[in-house]
Amino acid sequence: MDHKSAPLKKKFFTPGVYVMLAFMAAGAIAIVARFIGGIGYVSNLTNARPWGLWVGVDVATGVALAAGGFTTAALAHIWGRHHYEPITRPALLTAMLGYTFVVLGLLVDIGRSWAIWKPMVYWNFNSVLFEVAMCVMIYLNVLYIEFIPVVVEQFKGRVNLPGSFAFLNRFLNRLLALADRVLGKVMWVFVILGVVLSCMHQSSLGSLMLVAPTKIHPLWYSPLLPLFFLTSAMAVGYPMVVFETTLATTSFQLDSEMEILTPLTRITVFLLGSYMVLKLGDMAFRGTYVYLLEGTFQTNSFIIEMLFGVIIPFAMLVSLRVRQSRKALFTAASLIVGGVVLNRINVFIVAYSPPLAENRYFPAPGEIFVTLGLIATLMFLYRFLVTWLPVLQKTREVAS
Amino acid sequence: MELSRRTFFKFMGATGAAVTTKTSSAGAWTSKAPPDPYGCLVDLTRCIGCRKCEEACSEVNQLPAPESPHCQCTIFDKKRRPDESAYTVVNRYFTGKVDKFDQPLPTFAKVQCMHCQDPACASACIVGALTKDEVTGAVVYDVTKCIGCRYCMVACPFEIPAYEYFDPITPRVMKCTFCNERLSKEGGLPGCAAICPTEAITFGKRKTLLKLAKKRLRENPGTYIDHVYGEKEVGGTSWLYISSVPFEAVNLPVLPDRPSPKLAETIQHSLFSYLWSPIALFAVLGAFMYRSGKKQSRPEKREVPDGP
């Protein structure tokens, strides 16, 4: 392994960070309002429309975009392509933070937040949501365990608490040393487990809507929904890494990592291509293309999702020149990420049209503030952690 | 991330054993409907829109009194849905039928939980807080298990469960209980069926009601649409409707005969019973990891990045 991760050690408070803090404050106010006045007080959710922005974006999209974690782990650790090691840590951090925020988003969305532990006691094996919840819960812990080595690397033998906590130093140092020894031996179990759990719940998120065939627009409702969700999650994993790495290397003025990202996205050509073939094949097989020219909001949203989120970026990525150009690759990756975001929003919100009751939904300001606040907090923590922990790759001048 | 030969085989032996102990696959989906549930037959030709059922329902279930209980004049101007303060509501529909003086004839339709034979809500519920009573057939809600995820509301094809959106800490899912506690007592009737002055609601065993419904259709040719709503919809419901106007016209949706939970449950159980597929995937990935680890330990040319 010739790469070395290192803490950034750069100035933490920049104008961007203050913008994040402003969003976090707005989100916090909305969350307080939700726990005083109820979900109805801050949201436009109704009896006909029980799931909205929070489930569609905070949960479903959050899980999908955290797919970089398991896809890079599979590539670098299971397939042994160690060339890609430098991107595993930032992807792992994103996944860890992403899933943490899925759970935080759920705590806001479910009516009885304090009862979130109950699925551990009351099991319903018929429920798709039960399986998703179990997988997400276990996977979140797996991600935390996978992240321990990063902490160990930074602090092992160097714990130096100030003042009255100093007596803990020796104990903590020993604990870190122990964690280092034990985890080194068993980490492979967690790496594989992480991939298995991801495959399970990424696909099952797609099964969630299968129980409501009369409410989901036929363009999206297919028995293959779980397969679509799994393949699109796999396809978005590496583009998400490209998206983040490009943003991080630009914002922190690090070396661009094109020598990793270019070959990485060659794999995406195959993954995204498979997803595209599956989606188009399903549309042809079920004959749902008859809806394409209806011109309704729903069908237009489907066309945008497929055209700009799948077909165009696929055509771009096929070209080596695109994969080698930092700007073009970033554009293609952003399109794919945007396409998966739109797909999750489409399946959970746009495609959902209950036939009986009056049904018009647009997220209330309260819902939007909570979602933006959670995203801002996630970015804030990402910045905080890469500043102080060895996550991102060292710049070469320093490393050599 | 070293995966030694010994630990690998130890682990794979165990997973292999686990996979082989998996007995014959989950098999075809079977309905979990109780064999002889109660039900109610609603005859829309008999309903006069007095809304006594709404009143009785509120009283029995300790809900707020229905909106303007003694005024039948303006309440029907809007279409209402059951909500967190009313388990059942009656709506008025003008479907184009006219009396002999060419005046439009209203059709009144009561709506409440249909108590499906294979309820989507119960299949969806993450904690099993919604269950179908084995004896009475009522779909009942256990608030002590509920976490408030509202997946039941997403799943319900009749859009029945309602939510206490303005309770910040302990909101409940609210829906018709079929007065299950009353049913469990000898001779007990649901509040609405007991009070109905025109016998538009008939309570009884579902099987008996189906016979009764078909008898009425047979004996009054030309009066009814030839369809018992709820006999086959989403695999059958405990509540049944007969009507002289098309059911879509009174907001009873056209639904497939296939029970809503069937597809998702079939997929879930064939993939995850005994966790066979996750265990198999774990084994396959473990094998890959072991092989790639062995390759790495030999000095070898590095992975070549994207060729020119």
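Reader: Before we start, how are the residues and chains labelled, and what pLDDT do local features need?

Author: Residues count from 1 along each chain as its sequence is written, and chains are lettered from A, with ligands numbered from 1, in the order in which they are written. Side-chain values use heavy atoms, leaving out hydrogens and water, while in this predicted model totals for chains, interfaces and linings use all residues, side-chain atom pairs count only at pLDDT 80 or more, and local features need pLDDT of at least 70.

Reader: Happy with that. How much area do chain B and chain A bury between them?

Author: Contact here means heavy atoms within 4.5 Å, and 74 residues of chain B are in contact with 76 residues of chain A. Buried area is the accessible area (1.4 Å probe) that two parts lose on being put together, summed over both. Carbon and sulfur atoms carry 63% of it, and the total is about 6300 Å².

Reader: Which side chains meet in a salt bridge between the two chains?

Author: A salt bridge needs a side-chain nitrogen of Lys or Arg within 4 Å of a carboxyl oxygen of Asp or Glu. The count between chain B and chain A is 1. With 3.0 Å from N to O, the partners are D109(A) and R150(B).

Reader: Which element gives the most to the side of chain B that touches chain A?

Author: Helices (H or I, at least four residues) and strands (E, at least two) are DSSP runs, numbered from the N terminus. Several elements of chain B each supply at least two residues to that side, including α1 (5-21), α8 (262-272) and α9 (276-297). With 9 residues, the one that gives the most is α9(B).

Reader: Back to D109(A): is it buried or exposed?

Author: D109(A) is found in helix α5 (residues 85-109) of chain A. Among the residues it touches are W54(A), G148(B) and R150(B). Buried means under 20% relative accessible area, exposed over 50%, and partly exposed in between (1.4 Å probe, protein chains only). At a relative accessible area of 2%, D109(A) is buried.

Reader: Why is the pair of W220(A) and F302(A) edge-to-face?

Author: Rings of Phe, Tyr and Trp (its six-membered ring) pair if their centres lie within 6.5 Å; planes under 30 degrees apart count as stacked, over 60 as edge-to-face and the rest as tilted. The centres of W220(A) and F302(A) are 5.4 Å apart, and the pair is edge-to-face because the planes stand at 80°.

Reader: How many residues apart are F76(B) and F108(B) in sequence?

Author: These two form a tilted aromatic pair, 5.1 Å centre to centre with 55° between the planes. F76(B) is buried at 3% relative accessibility, and F108(B) is buried with a relative accessible area of 10%. F76(B) lies in the loop between α2 (52-60) and β2 (89-98) of chain B and F108(B) in strand β3 (residues 104-111), so the pair ties together parts whose separation in sequence is 32 residues.

Reader: One last thing: how many residues of helix α4 of chain A are buried?

Author: The buried residues of α4(A) include F70(A), H77(A) and I78(A). After this helix comes G80(A), with a positive phi near 70°. The helix (residues 68-78) is largely enclosed by the rest of the structure, because the buried count is 11 of the 11 residues.

How values were computed:
Lists of a residue's contacts leave out its neighbours within four places in sequence.
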